Amino acid sequence: MTFSGMMILLHLFSGWLGDLAAVLPWAAMVQLPTDLYLGKAAVAQTLALQALWAVILIGLGTAGTRAIRHKVVIQGG
């Protein structure tokens, strides 16, 4: 919740922590759409970051599901 911008605006973080918080997937779900709505963020950059995180998270979910499914099939189920 903290790094999504829901409790504390991510613009209040300074230095490397602010830079890190701005590129995490939680910021792409809460803070970036809010900035986009308020006109404080570029549309193309915001949508590109959200699409990047969508691809990364879907890829990780697919890889995890494939690994778990492989383990279950090996065990006979």
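I began with Gln-31, which lies in helix α3. Helices here are DSSP runs of H or I with at least four residues, strands are E runs of at least two, and both are numbered from the N terminus. The model is predicted, so local features need pLDDT of at least 70 and side-chain atom pairs count only at pLDDT 80 or more, while totals for chains, interfaces and linings use all residues. Residues are numbered from 1 along each chain as its sequence is written, and side-chain values use heavy atoms, with hydrogens and water left out.

**Entry: Gln-31**

Is Gln-31 buried or exposed? I found a relative accessible area of 5%, so Gln-31 is buried. The cut-offs are under 20% for buried, over 50% for exposed, and partly exposed in between, with a 1.4 Å probe and protein chains only. I then looked up its contacts (heavy atoms within 4.5 Å). Leaving out residues up to four places away in sequence, Gln-31 touches Ser-4, Gly-5, Leu-9, Leu-10, His-11 and Trp-26.

**Entry: His-11**

I followed that list to His-11, in the segment before α1. His-11 is exposed, because its relative accessible area is 53%. With neighbours within four places set aside, His-11 is in contact with Gln-31 and Asp-35. I checked the C-alpha separation of His-11 and Gln-31: 9.3 Å in space, 20 residues in sequence.

**Entry: largest pocket**

Rolling a probe the size of a water molecule over the atoms shows where empty space is left. A pocket is an open set of points on a 1 Å grid over the protein atoms alone, where a 1.4 Å probe fits, with protein on both sides within 12 Å along at least five of seven lines; lining residues have an atom within 4 Å of a point. How much space lies in the largest pocket? I noted about 150 Å³. That volume is the space filled by probe spheres set on the points, which are joined across faces, edges and corners.

I looked up the lining next. His-11 and Gln-31 are both in it, and others include Leu-10, Phe-13, Asp-35 and Lys-40. Helices α1 (15–23) and α3 (31–38) each supply at least two lining residues. By class I got six nonpolar, three polar and three charged residues. Nonpolar covers Ala, Val, Leu, Ile, Met, Phe, Trp, Tyr, Cys and Pro; charged covers Asp, Glu, Lys and Arg; the others, Gly among them, are polar.

**Entry: the two ends**

I went to Met-1, in the segment before α1. Met-1 is exposed, because its relative accessible area is 60%. Beyond four places in sequence, Met-1 touches Met-6 and Met-7. From Met-1 to Thr-46 I read 20 Å between C-alpha atoms, across 45 residues of sequence.

Then I took Val-72, in helix α4 (residues 43–74). Val-72 is partly exposed, with a relative accessible area of 38%. Between the C-alpha atoms of Val-72 and Gly-39 I read 48 Å, for 33 residues of sequence.

**Entry: whole chain**

I counted four helices and zero strands, in the order α-α-α-α from the N terminus. Along the principal axes, the C-alpha atoms fill a box of roughly 55 × 25 × 20 Å. Of the 77 residues, 21% count as buried. Among contacts between residues at least 6 apart in sequence, 31% join residues at least 24 apart.
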